[in-house]
Amino acid sequence: MKTKLVVISISLSISLLLSAQLKVSADGNVGLQLGTATPLSALSVGGVGGASAKGYILGENCQTGLSVSRTGTSANNQQYSIFGSSAVVSTKSSYGIGGYSYLPTLLGSGRSWGVVGYAGNSTSGYNYGVMGTHFGTGNGAGIVGTVNGNQDVNVPGIYAGYFVGNVYVTGTLTGNPVVNSDKRYKKNIVGLNTASTLSSVLQMQPVEYNLAQVYMKSKGDSAVVERPVYDENSQVFQKKHYGLIAQDLQQLYPDLVYSDDNGYLSVNYVGIIPLLIESIKELKGEIEALSAGPKKAGAQAASSPDGVDALSYPMLEQNVPNPFNQSTTIGFYLPATVSTASVYVYDMNGTQLKSYPVSGIGKGSVEIQGAEFNAGMYLYALIADGKVIDTKRMILTK
């Protein structure tokens, strides 16, 4: 009798313990560690879950909410620790596996990852931390990345990766990059200011340089650690680079210079190409004008008033050399009929910068020192007895 009472007592204790830890609701939902609460998911652990989730696990004050390990070998070509599959529903969102790590307030420590993937030591070239691929014929992407919580992105084609927001790389970006340039992407379209393009391009100062290592400090850890941004064994770090200093270009073309969140500047080099094209066109025009110079002078002499020849009419010559960087000489001719004359130098906006009084009869010249001006394109004119005889262009390089 006593033995039977002991067995009954133990059975009741086990039953009470199990009923406290394992609970099955009337609709067949199973719950663990719910106390007196009723499980709302088919399987609920630590929390009641909800009808929208077949399985629910609430992990509080623990390192891992759910840990699944897949070991051993398989005869199949593929094996998964976790595999998520969700049939597409046309009116709702559908996730194979969802990852979410977020707090409404910003913390000063820790790390947050929605999804983390590690991979290594499989066949060389076939190790993927995260793998995404696009199936079917509808537009979409294998991997989509967005900022500001944007989860409703209409991908306008089929892409391996599609990103809404800035993308930053510290190594080389290899491939065949192209830039959107369709007219339908643009507005307020106007031609370049041809009077100043070449002058501004000539003020650009190309340099050669090597990358300086930049260290990023980890934030929020108990011990602050500085980590290098660049791999110093990589080609991008070891090779010589050629380009412009962003701070210098910003003075000429601020719209071609961008600033990141840390205040570092970058250059839109693609945007410089149209400036170079326009500069080539300006130089071509200058070369054609220089080539036709003597013919123009002859035509001018032939059409001078009262049928006088060139010796009785003032003339202005093209500066030599042109372009120049140290000094250049401007030649001219003054007949005896001229009382006063000067050579004037203007910028491309028509502002007078210098004047050089000239005198005498016959051929003469003035020398222009490059140190008196900034690099750029300038106009110079011969004015005799208050009349503009001729105007030409000269180019100063530094």
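**Exercise 1.** Describe the lining of the second largest pocket by residue class, then by position and by element.

*Solution.* Step 1: in this predicted model, the lining consists of 30 nonpolar, 18 polar and 2 charged residues.
Step 1: the lining has 50 residues in total, and Val167, Tyr168, Val169, Ser266 and Val267 are the ones nearest the pocket centre.
Step 2: at least two lining residues come from each of β6 (158-164), β10 (241-243), α4 (246-252), β11 (257-259) and β12 (265-267). The largest share, 4 residues, belongs to β6.
Step 3: the volume of this pocket is about 2800 Å³.

**Exercise 2.** Locate Leu244 and decide whether this residue is buried, partly exposed or exposed.

*Solution.* Step 1: Leu244 sits in the loop between β10 and α4.
Step 1: its relative accessibility is 14%, and the limit for buried is under 20%. Leu244 is therefore buried.
Step 2: beyond four places in sequence, Leu244 touches Met204, Gln205, Pro206, Leu249, Tyr269 and Ile272.
Step 3: Met204 is 40 residues away from Leu244 in sequence, yet their C-alpha atoms are 7.5 Å apart.

Key: Residues numbered from 1 in each chain as written. Predicted model: local features only at pLDDT ≥ 70, side-chain atom pairs only at ≥ 80, totals over all residues. Heavy atoms only, no water. 1 Å grid on protein atoms, 1.4 Å probe; cavity = no way out; pocket = protein on both sides within 12 Å on 5 of 7 lines; lining within 4 Å. Points joined across faces, edges and corners; volume = space filled by probe spheres on them. Nonpolar A, V, L, I, M, F, W, Y, C, P; charged D, E, K, R; others polar. Buried < 20%, exposed > 50% of the residue type's maximum accessible area, 1.4 Å probe, protein only. Contact = heavy atoms within 4.5 Å.
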